[in-house]
Amino acid sequence: MKSKQDNGLSRRNFVKNSTLATTGLLSASLPVGAMAHVNGDKKLKVALVGCGGRGTGAIVQALQADENTKLVAMADAFQDKVEKSLKAVQEHFDGVKKIKLNPKHQFSGFDAYKKAIDMADVVILTTPPGFRPYHFEYAINNGKHVFMEKPVATDPVGVRKVLEVARKAREKKLNVVVGLQRHYQKKYIDLYEKIKAGKIGRITGGQVYWNSPGVWVRERQPGQTEMEYQMRNWYYFNWLCGDHILEQHIHNIDVANWFIGGYPAQAQGMGGRQVRNGKDHGEIFDHHFVEFTYDSGAIISSQCRHQRGCMRRVDENLQGTEGSVQSRKGTLIDLDGNEMYKYKSDALNEPNPYQVEHDRLFASIRNGGVIADAENGAKSTLTAIMGRMATYSGKVITWDQAMNSDLQIMPETVDWNSNPPTMPDSNGMYPIPTPGITEF
Amino acid sequence: MKYGVIKILLNALLLSAFGEIEKEYVQSIPGTQEKIAMAFIPGGAFTMGSEKSEQGHFGDEGPQHQVEIDPFWMGKFEITWDLYELFVARNIDGKQPQKLAGDEVNIDVDGVSGATQPYTEMSFGMGVEGYPAICMTQLAAAKFCEWLSAMTGNFYRLPTEAEWEYACRAGTKTAYSFGDDPADLHIYGWYEGNSDGAYHQVGQKKPNPWGLYDMHGNVSEWTLDKYVPTVYKPRKRKTVSNPLQKPTKTYPRVVRGGAWSDKASRLRSATRRPSSKKWKKRDPQIPKSLWWHTDAPFVGFRVVRPMKTPTPEEQKQYWN
């Protein structure tokens, strides 16, 4: 815990550095012990870092999670994203409350996140995932509560950073919610409790899926530098996105980890890029199939595909010694195939899990509680990265190998004048991971 | 009333003048093997709404009143994912035919705005090939019609609420087009009682008397109209011709026919359901998608083609 003197110092520096004299800015640097107390009724200042559609959705949810919140800063690599996001937030609250944000607190560029985080009590981290470890580290080091989207890193080096910072967050009693929203969704919580109570016995295996036609593509614009282009079309570049096995399929892999109650000991798999393989599609695969083996011997088959015109499924099935669970249907099935239980769904009237994430975060801040999602967020991130390492290399990858790997695809620093870590050849094509050759 | 009679006579003349085209046909689309089977719906008059005594009657279904409808063609089936994905992917646009003088529309497919690719998987694992497309907004369904028009040269749009009910009833006055007894519903449609919690491939059940499949159930279907619960009141004891409540706001608009997730009484010919903001509840993005309703896995649509083609100006209004 900081000494009183330290607080005095950081308080002065804070005001000086931020050139702000607004009262109420100071409490973030109060001793953490006092924080819970103070937070009971004070205005909570919220900053958004990463102003895409999801970030804008998250800041709206944060602002409506608690009566006494205020948007104090927005940051994005691109100025136009900040402006568009602010406009959307204002339109959302039109007629409900006035959202104002001084243009001086609309930050853009790669270091914008620091300026925005400095001003807040609670920060929303929703940039492409490659940046997350660095943003998370800065936020926790500066005593902020955090909502951050999944995944929380794109490489093992980033995962280790998040784990280290997660420990720090616990020590500082800071709340961290990770956007693996199935943990905040009534149906999944209900099924989890049934499984925990032993309704299907011990889990021995399962199948998890994210098979869909794929996501958006942003075309290269005339005059863009390679860095600008990759930052706009970030889904297709691993240092930013981590491939769809991580960026999207993490949800389903995470459910397997959650319900099994642990993380896999090893992974092996295969994948490639057969249909979505043009210049617009960077370097990621369009399909992965991975076998995750857990210490108990349980095996989870994980499949994710981004191809049009194929079977689609986003789901988790797990089989136990006494039955199985099918999460999309919300059913538990006995060993003879009979339905033992069905979750009564009322989707239109149930709480929205994306909103619940923020309701719980803000309630916990107010009550002096500590939500600590970051460790699981990091380990489920690593699980998916381990799967990607297996499909890219064609090798068996153990948990320890992945956890201790030096693989770092996200650069320590990024600026507009630098080249991204992957560059196109003269035909505009990027190097593609090749099983049997690519080493991870 | 007199005007109505004359109009029906005129329609009859028009029909006989066109002769051959008062038949069903199959619409092909350049660049794909996918086709849309269209049934011919003759012009005529019917009683819209239901009586208070009808089991499951809801206040917005009354008072009953007379409505005249001009002839049109209507898709025999709900639009499937196979078709809808062509519109989402937009990779056959290059095959659009050169528009000819006799074509009903003269628009370039490049000018038709496209739906975004959703982040979430919108079939919810219920099936794609031959299954009805769902979760699209009314705007997206209307844009599909515009895209289809550009790709074929024929004018397609969503049905009005009145056209939809007229076609669903297919000359019947009972609660369902097969009678009043919901015990027979399983022969004609998918609802809560037989759907096993999911939609089914289109055309698996018996059609209505005019050859339209899944008008009762499977997925609710978009119409053009704004939902006004009291809209039938001023029509009492009058005959209205081709009514349409033009929407001024995004919500609420009308879907018809009930769905796999509904109880039997919601599948009646007269049942009306308003769209709602809630249908985008779990869209994690702001602004919420113009194109997708993350929480409406029970809503789809089918297309119509009116016999009398509207002017290019009017066409635009149906698509926006």
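**Rings, charges and the contact between chains**

Reply: In this predicted model, R220(A) places its charged end over the ring of Y229(A), at 3.9 Å from the ring centre. A second case is found in chain B, where R305(B) lies over the face of W73(B), 4.7 Å from the centre of the ring.

Me: Are the planes of the rings of W210(A) and Y119(B) stacked or edge-to-face?

Reply: The count of aromatic pairs over all chains is 40. In the pair of W210(A) and Y119(B), the ring centres are 6.1 Å apart and the planes stand at 65 degrees. Planes over 60 degrees apart count as edge-to-face. The pair is therefore edge-to-face.

Me: Which parts does the pair of W210(A) and Y119(B) join?

Reply: W210(A) belongs to strand β7 of chain A, residues 203-212. Y119(B) is in the loop between α2 (81-89) and α3 (138-152) of chain B, so the pair joins two chains.

Me: Is W210(A) buried or exposed?

Reply: Y119(B), with 24% relative accessibility, counts as partly exposed. For W210(A) the relative accessible area is 5%, and under 20% means buried. W210(A) is therefore buried.

Me: Are the rings of Y263(A) and W399(A) stacked or edge-to-face?

Reply: Y263(A) lies in the loop between α11 (250-260) and β8 (266-272), and W399(A) in helix α14, so the pair ties together parts of chain A that are 136 residues apart in sequence. The ring centres of Y263(A) and W399(A) are 5.5 Å apart, with planes at 25 degrees. Planes under 30 degrees apart count as stacked, so the pair is stacked.

Me: How much area do chain A and chain B bury between them?

Reply: The size of an interface is often given as the accessible area lost when the parts come together. The contact takes 34 residues from chain A and 26 residues from chain B. Carbon and sulfur atoms carry 52% of the buried area. Between them, chain A and chain B bury about 2400 Å².

Me: Which residue of chain B forms a salt bridge with R312(A)?

Reply: R312(A) is one of the residues of chain A that lose the most area to chain B, together with R308(A) and L348(A). The two chains share three salt bridges. In one of them, the closest N and O atoms are 3.2 Å apart, and a distance within 4 Å is required. The partner of R312(A) is E121(B).

Key. Residues are numbered from 1 along each chain as its sequence is written. Chains are lettered from A and ligands numbered from 1 in the order in which they are written. This is a predicted model: local features need pLDDT of at least 70, side-chain atom pairs count only at pLDDT 80 or more; totals for chains, interfaces and linings use all residues. Side-chain values use heavy atoms; hydrogens and water are left out. Rings of Phe, Tyr and Trp (its six-membered ring) pair if their centres lie within 6.5 Å; planes under 30 degrees apart count as stacked, over 60 as edge-to-face and the rest as tilted. Helices (H or I, at least four residues) and strands (E, at least two) are DSSP runs, numbered from the N terminus. Buried means under 20% relative accessible area, exposed over 50%, partly exposed in between (1.4 Å probe, protein chains only). A charge sits over a ring if NZ of Lys or CZ of Arg is within 6 Å of the ring centre and within 35 degrees of the ring normal. Contact means heavy atoms within 4.5 Å. Buried area is the accessible area (1.4 Å probe) that two parts lose on being put together, summed over both. A salt bridge is a side-chain nitrogen of Lys or Arg within 4 Å of a carboxyl oxygen of Asp or Glu.
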